[in-house]
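Q: I'm new to this one, could you walk me through a few spots in it?

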Amino acid sequence: MLHSIKLNDQEYDELLTEALSRIPLYTNEWTNFNVSDPGITMLQNLSSFSLLQQSLIDEVTDELRLKLLKLLGITPMPVRAARLLVAPEQAAVRVLAMHEALMLGDLRFETRAPTVLLPWSIAGVYAAIGGTMRELTDPLRYAQHTSVQVFGAAPRAGDALLCLLEGPLEARMTLHFYVGIDNESRRNPFEQADEPVFAKLRWQYFTADGWADAACADQTHGFLTSGGIRLTLGAAEPAVCTELPQPGMAVRCLLEYADYDVAPRICALSGGLFEVEQRSTCAASFLLPGSGVVRIQSAMTRYENLFVFCREAADGWYFRYEADRGQGEGRFYRREDRPDGTVELGFDKARFGFAPDGGDEAVCAVCYDAETLNHYWIGTAYGYEDQVLDLTGMALVLPEDFSVLAELTLPDGQTAYRRIRPNDRREDSLQYEVLAAEGAIHIVHNGLGSAARLLLCDCAVTAGAAGNVRAGARLSAAPDPYFPEEARGPFYTAPGCGHGGRTAETIEQMRRRFIRMLHSRVSAVSERDYEQAVRTTPGLCIHKVRAVADEQNNVARIAVKCYTDTDKQGLPNGYFAQIMRRMNAFRMISTRIELRAPQYVPIDVAAVIHVRNYYDNARTEIERLLRSELDYVSDEHSFGEVVHFTELYQKIERLECVDSIYSLTMLPRPGTDTVMRGSDILLGESCLCHLGTLSLELNRALPR
């Protein structure tokens, strides 16, 4: 049904001929089949109507496809704006208002909240490992050339990463860092809701009373993937730390628990950052309390397109207020523009006779950019079924940042307004959904009781996936909207890539996603299903996996090896918990899972080989071959394979340095899960072999 299906391919002449041929079956009195007969005219009309109706039935519209996919649990992936961490290139104290724009070509990035830029930076980086302080500042300064193990080769509880900071720091200040990880390519992507725990990190900052905890939001999952780290300092003021080689403000990351599969390697560490989002705000509303003086700190106020609406009773309607120009009594407000860009709004009921109530959202101030001011009226919601209203000139609208103002005329003749968000489920409200890709809204239900005129209240558009820009991008401040010819400085640099941007999913992309879901396993049945489920466990570095079904006992035994920095390592504790959690979601309800760590089997080799006289490095070449051929740990051999004696014998014999093989034996180390099959070695289900003891005797071949 997702494709167009033609249920009836008859043409008009065929339908009419078939209808005429059936007349004698129903009556003998109808004998005039000429076109002048009124009955024939009726048959002609009915045949045409049937053909038209059939064409509509055959048509599979996009709306029908969406509804069918929704029944199957497939809904469009929402539009998302990319986020980016940037650092100012010029150190200076500045305040960026909300909606302040930074430009990268035609891409616009904005701040989501007023941002105070204090010129702090990382002056030094140190690793405290086992009571020894090691400086990492210079290696990280040239991040493109090197990387460092931030907690050493074997991280342990008590190890720490310390950053010496220079610049003004304040209590409750938010610090943004970017960390680039060097060895993340083999790791499966993380899922936010299901993260493996290989370490427990505790972020702190130094105060007069010692180290104090800081709230942390970590996108790196404990230094396992590149991303940002946001620290929010506590109520205690930062103080100079004397525990580092140089005194200064300091933060540290303390390892409280560590069981890493791969020791973290950092190739970049940047500070003094703040976050922006790839979006272009067309309309923005500010919900403010109605008591006292209200303040708006946003770059949108520079357009001078400010509309103020106030609620005069709790849960009542909003009414339009105008700027006071000495008109006397009425719905007026006073406006004052502060030097820092803040706009202050004042209300005086004693003077004007009207004022907002004291509620938290009694004032709704709406700002439009210069372009949107020309078409902020969306249209009228009449209430008929499936009404769609276009948002002129807009596409890839962000639904989570969208709202409308519904304008109605009250029975007393007053014009009133109500701010309405998408998917409002109240029966007496306007229910609508945002069609992000098309730049439109779809009216589901009009519960306002009469025709409501709609105008934009909040609206922002994005470029979606195009906002996931490369690392090292250089952004500039957007020019003044009324003086675009002025210089675009200052400039900002992004140490990492943009992330999270997503373009609207088309119906065709949804259909393909549905087909992929049909072909994907939701439960593990075969051994290959179990292996694939383990291999794709989020956040893990899976190197080898083999599943063996024990049908008699209804058990699936799974051997797993992860990528590690050291040879012949078992599974970290985090692997057991994470894999078992995933297997419980995939396994059949009656199947038990046995997860096994690798068993490493040494293969002892003894050989007597005649080598050619003119080869000086014959021993080195033979040993290299034996180590390579018997290395089932780091190569692509899987668990439980057979070590073939004949293949090894022939490969040694083909070496240019070898004249002949006098004797060759290979035996597994006693006590391991192996079986000798003739001269071959059959490894157990969870076994990987490697070269053990080598006894190699070389004799020079006699001249022939």
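Q: Where is His 221 placed?
A: His 221 sits in the loop between strand 13 (215–218) and strand 14 (227–232), where strands are DSSP runs (E) of at least two residues and helices are DSSP runs (H or I) of at least four, numbered from the N terminus. This is a predicted model, in which local features need pLDDT of at least 70, side-chain atom pairs count only at pLDDT 80 or more, and totals for chains, interfaces and linings use all residues. Residues are numbered from 1 along each chain as its sequence is written, and side-chain values use heavy atoms, with hydrogens and water left out.

Q: And is His 221 buried or exposed?
A: His 221 is buried, because its relative accessible area is 14%; buried means under 20%, exposed over 50% and partly exposed in between, with a 1.4 Å probe and protein chains only.

Q: What about phi of His 221?
A: Phi of His 221 is near 55°, which is a positive value in a residue other than glycine. Most residues other than glycine have a negative phi.

Q: Which loop holds Glu 304, and what is its phi?
A: Glu 304 is in the loop between strand 18 (294–296) and strand 19 (306–311), and its phi is near 65°, again a positive value in a residue other than glycine. Glu 304 has a relative accessibility of 51%, so it counts as exposed.

Q: Switching topic, where is Glu 277?
A: Glu 277 belongs to strand 16 (residues 265–278), and it is buried, with a relative accessible area of 5%.

Q: What does the side chain of Glu 277 make polar contacts with?
A: The side chain of Glu 277 makes a polar contact with the side chain of Arg 83 at 3.2 Å, and another with the side chain of Arg 279 at 2.9 Å. A polar contact here is a pair of N or O atoms within 3.5 Å; within protein, one must be able to donate a hydrogen and the other to accept it, and residues adjacent in sequence count only if both atoms are side-chain atoms.

Q: Which residue's side chain has a polar contact with that of Thr 281?
A: The side chains of Thr 281 and Glu 110 are joined by a polar contact of 2.6 Å. Thr 281 lies in strand 17 (residues 280–288) and is buried, with a relative accessible area of 3%.

Q: Now the helices: how do helix 3 and helix 6 pack?
A: Helix 3 (residues 62–71) and helix 6 (residues 507–519) pack at an angle of about 30° with their axes 11 Å apart, the axes being lines fitted to C-alpha atoms over the stretch in contact, and angles running from 0 to 180 degrees between N-to-C directions. That makes helix 3 roughly parallel to helix 6, since angles under 35 degrees count as roughly parallel, over 145 as roughly antiparallel, 65 to 115 as roughly perpendicular and the rest as oblique.

Q: Which residues make that contact?
A: Asp 62, Arg 65, Leu 66 and Leu 69 of helix 3 make the contact with Ile 507, Met 510, Arg 511 and Phe 514 of helix 6, contact meaning heavy atoms within 4.5 Å.

Q: And what about helix 9 and helix 10, at what angle do they cross?
A: The axes of helix 9 (residues 618–629) and helix 10 (residues 645–653) cross at roughly 155° and come within 10 Å, which means that helix 9 is roughly antiparallel to helix 10.
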